[in-house]
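Morning, everyone. Please have the sequence and the model open while I talk.

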Amino acid sequence: MKLAPSILSCNFSNVAKAVSQVDELGLEYLHLDVMDGSFVPEITFGAKLIKDIRRNTNITFDVHLMVERPEDKLDAFIEAGSDIITVHQESTIHLHRVLQKIKSAGIKCGVSIVPSTPVSMILPILDMVDLVLIMTVNPGYGGQKLIQSCLDKVVELRDIREKEDYTYLISVDGGVNLSTVQDVATAGADLAVTGSAFFLSEDKAEFVNKMNDLIRK
Ligand code: DX5
Ligand code: ZN
């Protein structure tokens with residue numbers, strides 16, 4: 001399982017520093033939480049910021065859109081240099097169309113579900129996604145406690161992937177830290193987003209080493 005730090009919990013007055021901290025650790029993914037103040041209460045940043053930080057790094061941009069009607073906003077995020085764009089099942093009626101649009105732009109597409117949404121809601125589109133993002137907190141804020149029961153969905157998605165020969169990665173987002181990372185890895189996630197635990201660590205290299213040790217146990 002790989003770690004994908006989220007800049008949500010970094011100091012927004014120095015995003016460039018946060019990105020280079022992740023880059024320097026040799027991590028493969030950077031998770032970018034876009035919030036619109038409607039789908040979730042907070043507002044974070046949009047495509048402009050993603051486009052600007054794209055100039056400084058080749059890291060894989062894992063863009064998590066927590067926005068209403070993502071179909072209206074996709075173009076800017078595609079153009080900004082996203083590598084993976086994940087949209088919420090709950091945010092659009094036309095999920096299939098949105099995913100198709102992302103794919104046709106040559107970008108990997110992902111689908112996410114909040115804690116109250118069952119895996120059955122995304123069964124019809126699992127054959128077309130590159131990533132499934134399981135929210136283990138209610139989206140909107142960093143620093144929340146992982147809802148343990150959501151990890152059952154990871155197991156469920158692994159079983160479906162094996163049975164149907166699908167290829168998506170399973171990512172877990174919310175409350176992943178030194179106390180919970182082992183459970184997330186045991187459930188079978190391929191990726192784990194880490195926001196506050198990463199950015200509140202004084203020594204980020206040490207934090208990543210400790211997390212990786214726990215993942216391997
Ligand atoms: C929450 C975001 C997460 C957030 C996770 O809505 O989608 O990506 O950054 O933060 P932590 O790791 O602090 O729970
Ligand atoms: Zn996220």
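First, a term: helices (H or I, at least four residues) and strands (E, at least two) are DSSP runs, numbered from the N terminus. With that, take Arg 69, which lies in the loop between strand S3 (60-66) and helix H3 (74-79).

A word on the source. This is a predicted model, where local features need pLDDT of at least 70, side-chain atom pairs count only at pLDDT 80 or more, and totals for chains, interfaces and linings use all residues. Residues are numbered from 1 along each chain as its sequence is written, while chains are lettered from A and ligands numbered from 1 in the order in which they are written.

Back to Arg 69. Most residues other than glycine have a negative phi. Arg 69 is not a glycine, yet has a positive phi of about 45°. Arg 69 counts as partly exposed because it has 16 C-beta neighbours inside 10 Å.

Asp 165 also has a positive phi, of about 65°, and is not a glycine. Find Asp 165 in the loop between H5 and S7. With 7 other C-beta atoms within 10 Å, Asp 165 is exposed.

Now the sheet. Two strands pair if DSSP finds at least two bridges between them. Eight strands form an open sheet, in the order S1-S8-S7-S6-S5-S4-S3-S2, with parallel pairing. Strand S1 (2-5) and S2 stand at the edges with a single partner strand each, so one side of each has no neighbour in the sheet. From one strand to the next, the twist averages 25°. Axes here are lines fitted to C-alpha atoms, for helices over the stretch in contact, and angles run from 0 to 180 degrees between N-to-C directions.

Look at one pair. Strand S4 (residues 84-88) and strand S5 (residues 108-113) run parallel, joined by five bridges. Val 87 stands opposite Val 111 in S5. Helix H5 (residues 151-164) packs on the sheet and touches strand S6 (131-135) and S7. The direction of H5 makes about 175° with that of S7. Contact means that the C-beta atoms of two residues, placed from the backbone, lie within 7 Å.

Next, the annotated spot. Which residues does the UniProt annotation "binding site" cover? In that unreviewed entry, the answer is His 31, Asp 33, His 64 and Asp 173. They span 143 residues in sequence, but no two of their C-alpha atoms are more than 10.5 Å apart, so they gather at one spot. UniProt positions are given in the numbering used here, feature names are shortened, and annotations may be inferred rather than shown by experiment.

Take two of them. His 31 sits in strand S2. His 31 is buried, with 27 other C-beta atoms within 10 Å. Leaving aside neighbours within four places in sequence, contacts of His 31 include Asp 62, His 64 and Val 193. Asp 173 belongs to strand S7 (residues 169-173). Asp 173 counts as buried, with 27 C-beta neighbours inside 10 Å. With neighbours within four places in sequence left aside, Asp 173 is in contact with residues including His 64 and Val 193.

That's my tour. Thanks.

Key
A residue is buried if 20 or more other C-beta atoms lie within 10 Å of its own, exposed if 12 or fewer, and partly exposed in between; C-beta atoms are placed from the backbone.
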